[in-house]
Amino acid sequence: MSVKPLSAVRLLVVLTALALGVVVWSPAMAGADTSPQTWTVLVGAQSPDSAISGMKFLPGEITIDAGDTVHWVANSIELHTVTFLDGGQPQDALPEFNPGITSQITTQGGPVLQGGGDYNSGIMTTVPTGEDAGPLPPVAHVASYDLTFPDAGTYTYYCLVHGAMMKGVVTVDPAGTPYPMTQAEIDHRAQLEANAIVTDGNRLRAETNRMAAMAGPHTVMVGNDDMNAMLMRFVHQRVTVPVGGTVTFTNPGMGGPHTVTFGEEPPGPALEAYVPAASYGGGNLSSFIPGHLDFKVTFTEPGTYHYICALHDVQGMVGTVVVRR
Ligand SMILES: [Cu+2]
């Protein structure tokens, strides 16, 4: 935990305020509410059709007083975590997200951030526990997470799923410091930030449609992302090829991974296997496709084949290949 040093200027301001307080103390000031407050921050954002998902805490920065609590609320189907590593120290490098590591996907640390340990919400999503929220072992889905900050300081947190690009900061002033924003103003800022993500995502979607049109009818764009918004759609969503034809699935994104999965989802780590090319005539076939990689599938039998992104099918990321004789 890092504690802000009290600068000489700030100390002077505090002392002056104390001195003035003696002179102009009024009943109104005596009645000022200094009891601990709870502040709400949203985790993630999405468009109404969940095709666009945002990798942000909303708002990304909040200033509270010592003793207050932040209440994070899951705001998207997409999985996120609220994670303070090492008591909220900024990190040069984050651990790679691995749903097989229990401490990454379950609540860690107590309800009060005190000391240098790790504090983790576990998996936050609007999908209820027990329903499909991606390739996770059976684990509680956390709809909200509360953490109380007894000590002044600056605390940095991350989403373990999305890494350093999804970062938030809680600035904790000494108890009794006037707040810079009301919850209504924080909510307004969160709404503006959410709108900006959806606007950016719609631009990304239009760009992805253009890329798919340029690439031709046998190429499928496997989502897209720009480190801010993610597109959770296959474009073209339905492709028709003759027997012996090849479909190229390409992920044009900056790093957001997806899968192309025919048949059953491979269990656990097998889901993360990248397959560059395969032939397919039915049954199970899956490739994990990180940003900038292609998966080429040659279709050997006529039929209508449905496939999913195993990570984002809940958001509607599904597609169809029709193979004609
Ligand atoms: Cu996906």
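Guide: The protein has four helices and 19 strands. The model is predicted, and every value discussed below is computed from it.

Visitor: How much of the protein is buried, and how many residues does it have?

Guide: Of the 325 residues in the protein, 45% are buried.

Visitor: Let us turn to single residues. Is Asn224 buried or exposed?

Guide: A residue counts as buried when its relative accessible area is under 20%. Asn224 has a relative accessible area of 3%, so it is buried. Asn224 belongs to strand β10, which covers residues 219–225.

Visitor: Which residues surround Asn224, once its neighbours within four places in sequence are left aside?

Guide: Asn224 is then in contact with Leu204, Thr208, Met211, Ala229, Met230, Leu231, Pro252, Gly253 and His258. With Thr208 there is also a polar contact, side chain to side chain, at 2.9 Å.

Visitor: Thr219 is in strand β10 as well. What are its contacts beyond four places in sequence?

Guide: They are Val235, His236, Thr248 and Thr250. Thr219 has 12% relative accessibility and therefore counts as buried.

Visitor: Val235 and His236 were both named as contacts of Thr219. What is the geometry of the peptide bond from Val235 to His236?

Guide: The omega angle is the value to read for a peptide bond. From Val235 to His236 the bond is cis, with omega near 5°. His236 is located in the loop between β11 (229–235) and β12 (238–242).

Visitor: Where is Pro59, and which residue does a cis peptide bond join to it?

Guide: The cis bond joins Leu58 and Pro59, with omega about -5°. Pro59 sits in the loop between β2 (52–58) and β3 (61–65).

Visitor: Which backbone value deserves attention at Ser50 and at Met227?

Guide: The value is phi. At Ser50, a residue other than glycine, phi is positive and near 60°. Met227 is not a glycine either, and its phi is positive at about 75°.

Visitor: What does Thr298 meet beyond its neighbours within four places in sequence?

Guide: Its contacts there are Gly244, Gly245, Thr246, Ala278, Ser279 and Tyr280. The side chains of Thr298 and Thr246 make a polar contact at 2.8 Å. Distance may also be read between C-alpha atoms: Thr298 and Ala277 are 8.1 Å apart in space and 21 residues apart in sequence.

Visitor: Let us move to the spaces in the structure. What is the volume of the largest pocket, and which residues lie nearest its centre?

Guide: The largest pocket has a volume of about 910 Å³. Its lining comprises 38 residues, and Phe97, Val161, Pro257, Glu272 and Phe288 lie nearest the centre.

Visitor: What is the make-up of that lining, and which strand gives the most to it?

Guide: By class, the lining of the largest pocket has 24 nonpolar, nine polar and five charged residues. Strand β9 (residues 163–173) gives the most, with three residues. Domain 1 (32–199) and domain 2 (216–324) each supply at least three residues to this lining.

Visitor: How many cavities of 30 Å³ or more does a search of the whole structure find?

Guide: The search finds one. The volume of the largest cavity is about 30 Å³.

Visitor: Which residues line the largest cavity, and to which classes do they belong?

Guide: The lining consists of Ile77, Glu78, Leu79, Ala133, Leu311, Val314 and Gln315. Five of the lining residues are nonpolar, one is polar and one is charged. Domain 1 (32–199) and domain 2 (216–324) each contribute at least three residues to the lining of the largest cavity.

Note on methods:
Residues numbered from 1 in each chain as written. Predicted model: local features only at pLDDT ≥ 70, side-chain atom pairs only at ≥ 80, totals over all residues. Heavy atoms only, no water. Contact = heavy atoms within 4.5 Å. Polar contact = N/O pair within 3.5 Å; in protein donor to acceptor, adjacent residues only side chain to side chain. 1 Å grid on protein atoms, 1.4 Å probe; cavity = no way out; pocket = protein on both sides within 12 Å on 5 of 7 lines; lining within 4 Å. Points joined across faces, edges and corners; volume = space filled by probe spheres on them. Nonpolar A, V, L, I, M, F, W, Y, C, P; charged D, E, K, R; others polar. Domains from an automatic or database assignment. Helix = DSSP H or I, 4+ residues; strand = E, 2+ residues; numbered from the N terminus. Buried < 20%, exposed > 50% of the residue type's maximum accessible area, 1.4 Å probe, protein only.
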